[in-house]
Each structure stands twice: as structure tokens, then as C-alpha cells.
Amino acid sequence: MRLQALEFLIQSARKLEVLPIVKYSALALFADRFYPSFSRFTNGNDTRHWLLEPIRESSLQLFSIVSIWISSKIHDSPPVSVKSLKSLGDKMIKEQHFTTRDFLEAEVVFMQVLNFEIGTSDIAYTFLEELLAQFREVVRVGELVKFEACMDIMDLLYEKEETSILYCSPCSLAASILIVAYVITVPKQKCEFPILLWVNFITACKEEEILQMIKGILNHIFGILPRHKE
């Protein structure tokens, strides 16, 4: 259900036309923190909640929309209205109908699971946005790196739990995504800038960690071709 919920979140963010920072903050809140924690919250809480026990696809869809709502409250002025969220839920959540009160209740539960810690300043998106801006100031070829490609890579990494774990090291991941986007989007004849050395200098991230992440990202995007037996 995790992958389906993340796809639902990305699709919902697109339909609500929220800013990228809202989308990726919501993904960080939901995928990196809420989803791994709700079962522990339920097991350690004497008060059982109908939205969490049992957890259903419709409940995860509701919580994914709520994560966008919370993120919007942090980054948007004014934030997305609960009316817009409920309208979206009525159209996209097929298994169950949720009222406005359910949305408000789900927000409280979401915050409780996160222990009311909703900071989003250290997510990969923020590091990546700043790193790309610096790169474009340093070298002209930086303008050829498509930020849309960077965001596509970020979305793809949420497809599997083993790749979404990379988000636990947001700075190194941002550096790795920038390098992968550089290799993919910049024409080969113009790929002469020593970008790996540059990101190591700027971020102080370990080169070995970045190279390992780059390998994992490329393997996930393009797959690993099976070797023929000799």
C-alpha cells in the first residue's frame, strides 16, 4: 500500500497545483516519517483510532492529502483550503467517503504520530534547489541542467523502500541527484566540468557516499541488464 499511497500523494499534489516545496515536504512528512511510525504509534497507544486500526488504502490516501495540507500551511500563504482538499478526496478516494470533520481529525492523528515535529527545512529538495542555484552561478553549463529532471528523479526514488531510504541523507542525496541530472540532461560534448569534485567541495559530503548513491539512482532508473552466462 505504501507505493500506491505515494503515487496518490504525487498525483494529488499535481491536481492541487501546489508548489514543489509543498509537494516534497509532504512526501518527506508522509513517506519518511508518518508511514514508518504509525504502527509503532498504534502499538504504544492505549487509545485506538479508527483511521489507524485497521489501516486501509483509503486511510493512507486521506493521510497523504493531509500531509499536503500540513506542508501547505508551512510554505503557502494562504494554505490550501480544507474545502479544496475534501473536493479532491471526494473525487479520488473511491473506497470511502470522508467528511470535513474526518479531515480535521486525520490532521490531529497525523500530528500525534509525528509527535508534533513537522520541521521540513532539511529535506533533499531544499538542498538540491540551493545546490543547483550555486552551480548555475559558477558555470554556464549549469543552465542546461533541467530542474524538472531533478524532480522526476526524486519522484522515482520513492518507488521502492530501498531507494527511498536515501532520503535519510538529504545533503548527499541532493548532490547525487544533481550529478545524475547533469549526466542525463547535459549534452555529452559539454560534460567537461568536474562536477563531482565541485559538489564534494561545496557540500563536504563524502565522495564514496555520493558515488554509491549515484550508482543506486542509475540502477533504479535504468535497471541492471542481466549478464549472459559465459
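Predicted model: local features only at pLDDT ≥ 70, side-chain atom pairs only at ≥ 80, totals over all residues.

## The largest pocket

The largest pocket has a volume of about 240 Å³. Its lining is made up of 16 residues, and those closest to the pocket centre are Ala 28, Asp 32, Asp 122, Ile 123 and Tyr 167. Two elements, α2 (20-43) and α6 (124-138), each give two or more residues to this lining. The largest share comes from α2, which supplies five residues.

In terms of residue class, eleven of the residues lining the largest pocket are nonpolar, two are polar and three are charged.

## The second largest pocket

The second largest pocket holds about 160 Å³ of space. Its lining consists of Arg 2, Ala 31, Asp 32, Tyr 35, Pro 36, Glu 161, Ser 164, Ile 165 and Cys 168. Here the elements that contribute two or more residues are α2 and α8 (161-164). With four residues, α2 gives the most to the lining of this pocket.

By class, five nonpolar, one polar and three charged residues line the second largest pocket.

## Elements and residues in both linings

The helix α2 provides the largest share of the lining in the largest pocket, and α2 also gives the most to the lining of the second largest pocket. Asp 32 is among the residues closest to the centre of the largest pocket, and Asp 32 also lines the second largest pocket.

Methods: Residues numbered from 1 in each chain as written. Heavy atoms only, no water. 1 Å grid on protein atoms, 1.4 Å probe; cavity = no way out; pocket = protein on both sides within 12 Å on 5 of 7 lines; lining within 4 Å. Points joined across faces, edges and corners; volume = space filled by probe spheres on them. Nonpolar A, V, L, I, M, F, W, Y, C, P; charged D, E, K, R; others polar.
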